[in-house]
Amino acid sequence: MTETETRRTIEAVWRLESARVIAGLVRMVRDVGLAEDLAQDALVAALTQWPESGVPKNPGAWLMAIAKRRAIDHFRRAERLASKQNELGHALEQEAFVPNFDEGLEDTIEDDMLRLMFICCHPALSTESRVALTLRMLGGLTTPEIARSFLTSDATIGQRISRAKRTLGEAGAAFEVPDRRERVERIDSVLEVLYLVFNEGYSATAGQDWMRPALCEEAMRLGRILAGLAPDSADVHGLVALMEIQASRVTARTGPSGEPVLLLDQNRARWDHLLIRRGLKSLDRAESIATTQGSAGPFLVQAAIAACHARARVAADTDWVRIAALYDTLSTIAPSPVVELNRAVALAMAFGPQAGLDLVDQLTAVAALKSYHLLPSVRGDLLAKLERHDEARVEFERAAALTQNERERTLLLERAAGCAIAGRRST
Amino acid sequence: MRFLSMIKMDESKPFGEPPMSLYAAIAEFGEQAMKDGTLLEQGGLLPSASGALIRLADGKVTVIDGPFTEAKELIGGYAMFQARSKEEAVQQAKRFMDLHAEHWPGAEAVCEVRQVMDPADFEPNAG
């Protein structure tokens with residue numbers, strides 16, 4: 001192996017192991033910044049020793065043992081923390097010299113990982129900081145990698161992470177395991193962060209920096225880990241299902257010249273059926289838990305909607321009645337104007353354009369949708385289906401003026417022109 | 001990125017049958033990798049006697065039923081991994097092979113790790 005190859009191998013091992021190592025260290029030193037520094041020390045040791053000795057059989061345990069030893073050194077050196085030294089140094093010492101990590105530690109590792117997820121998504125942190133910290137501590141991404149993912153500078157991300165570490169230090173309670181009620185809220189916070197990361201990757205268009213699509217995979221990977229750590233949470237399985245089903249369409253949603261292809265026009269053979277299969281399985285688990293517990297969260301409902309599309313072999317087979325019913329549920333548990341607009345589309349597909357239009361007409365007064373191009377676009381489509389061509393044309397023109405997307409504008413103006421022709425023909 | 005790992009070995013197993021402990025170790029490895037979110041799918045293949053080869057040569061397609069006596073190493077199982085680099089996929093495969101070394105002394109096998117083509121690989125600007 002060349003030096004570069006060895007280095008890349010060590011980096012790969014690091015990315016597979018670092019989250020668990022950091023999670024274990026956080027439990028011991030109760031300081032995210034220090035835990036990461038100690039873990040970095042272990043990485044440096046690996047980079048020095050492994051090229052000679054080869055990668056050890058259980059590299060995670062090796063890294064952990066080194067980091068623990070460094071932790072002891074740290075507490076011994078820090079005389080200012082003399083009182084802490086006695087208490088922690090002693091406890092660490094006993095563990096460090098019996099490096100048997102293979103037995104009986106499984107439960108601890110799982111608790112440690114869950115705790116680290118909660119800490120990274122702690123409510124005391126801003127959303128941006130939660131995202132950065134999660135990708136750094138749990139994803140093993142470097143600061144430049146995170147910066148590239150979010151199209152921002154290294155300095156910005158670096159500041160975000162150090163500020164987050166400081167905030168966590170001040171919020172002393174960050175390291176406690178939350179009680180049952182709080183646990184649900186903390187899981188919600190993790191889910192929110194993971195979905196944000198996912199969407200950051202999902203919204204990237206083809207040909208953009210590879211780091212951005214990689215965010216989708218990272219969010220799914222962390223979601224699956226969380227599903228293992230909190231197997232009784234319907235929402236966790238629901239989010240995993242939602243992400244996997246959405247990700248299954250990544251390839252099909254872009255045409256040969258980069259133009260967006262709408263869901264109903266997509267070539268379903270190009271969907272990723274491995275992800276669909278996995279997503280539907282996660283959804284089954286989520287639904288059976290939700291049935292037992294008697295509640296379904298928004299991610300689960302959204303996943304169920306996505307699954308209706310995934311199950312239809314051709315667009316015409318889509319179960320719109322069920323989708324409309326699911327949007328009814330969603331508008332009750334997570335109401336928003338955008339959900340209402342989607343509900344209108346589903347109603348139109350299930351019960352005819354007038355049913356959809358009745359709801360859309362109520363939405364034209366909603367301030368949040370005033371400059372949302374999809375509102376006139378949907379309204380135009382429903383009016384056209386009802387053969388109210390002149391009104392439809394006006395709506396398509398309005399939508400064209402509002403959209404930021406050049407290709408979409410062209411498409412909308414074409415539809416407006418089509419309405420003008422149809423309007424003349426019918427009079 | 002996705003990687004397909006295929007384990008290949010001599011189907012006649014001149015080094016004997018795999019011990020039960022190997023199956024247990026593989027199951028545990030698979031469970032962990034699933035929980036880690038990296039293993040997407042895996043499966044084992046029955047002996048080639050239950051398979052067939054469909055060969056194209058000289059413009060003619062012929063079907064030959066198994067066993068595939070000519071091939072020395074045959075695929076016995078596969079796993080689909082999500083990984084962030086080739087090295088990461090190789091590490092997973094290495095761990096899988098370490099289990100074989102530990103539980104099945106004398107066994108010889110090859111694990112082939114291949115990156116699955118991404119639609120982006122077809123794009124003119126890829127790479």
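Here are some friendly notes on the two chains above and how they meet.

1. First, some housekeeping. This is a predicted model, in which local features need pLDDT of at least 70, side-chain atom pairs count only at pLDDT 80 or more, and totals for chains, interfaces and linings use all residues. Residues are numbered from 1 along each chain as its sequence is written, while chains are lettered from A and ligands numbered from 1 in the order in which they are written.

2. Chain A has 19 helices and zero strands; helices (H or I, at least four residues) and strands (E, at least two) are DSSP runs, numbered from the N terminus. Its C-alpha trace spans about 90 × 50 × 40 Å along the principal axes. Of the 427 residues in chain A, 43% are buried, where buried means 20 or more other C-beta atoms within 10 Å of a residue's own, exposed means 12 or fewer, and partly exposed lies in between, with C-beta atoms placed from the backbone.

3. Have a look at helix H11 of chain A, residues 234-247. Its 14 residues reach 20 Å from first C-alpha to last, close to the 20 Å expected at 1.5 Å a residue; the expected span is 1.5 Å times one less than the number of residues. Because 14 of the 14 residues of H11(A) are buried, this helix is largely enclosed by the rest of the structure.

4. Helices H15 (residues 337-351) and H17 (residues 374-385) of chain A pack at an angle of about 15°, their axes 11 Å apart. They are therefore roughly parallel to each other, a label for angles under 35 degrees. H15(A) brings Leu341(A), Ala344(A), Val345(A) and Ala348(A) to the contact, and H17(A) brings Leu374(A), Leu375(A), Val378(A) and Leu382(A); residues are in contact if their C-beta atoms, placed from the backbone, lie within 7 Å. By class, that makes eight nonpolar, no polar and no charged residues. Here Ala, Val, Leu, Ile, Met, Phe, Trp, Tyr, Cys and Pro count as nonpolar, Asp, Glu, Lys and Arg as charged, and the others, Gly among them, as polar.

5. Now for the interface: 18 residues of chain B are in contact with 21 residues of chain A. On the chain B side, strand S2 (39-44), strand S5 (74-82) and helix H2 (86-103) each give two or more residues, and H2(B) gives the most, with four residues. This side of chain B divides into four nonpolar, six polar and eight charged residues.

6. Lastly, Leu56(B) sits in strand S3 (residues 52-57) of chain B. Leu56(B) counts as exposed because it has 8 C-beta neighbours inside 10 Å.

How values were computed. Contact = placed C-beta atoms within 7 Å. Axes fitted to C-alpha atoms, helices over the stretch in contact; angles between N-to-C directions. Parallel < 35°, antiparallel > 145°, perpendicular 65-115°, else oblique.
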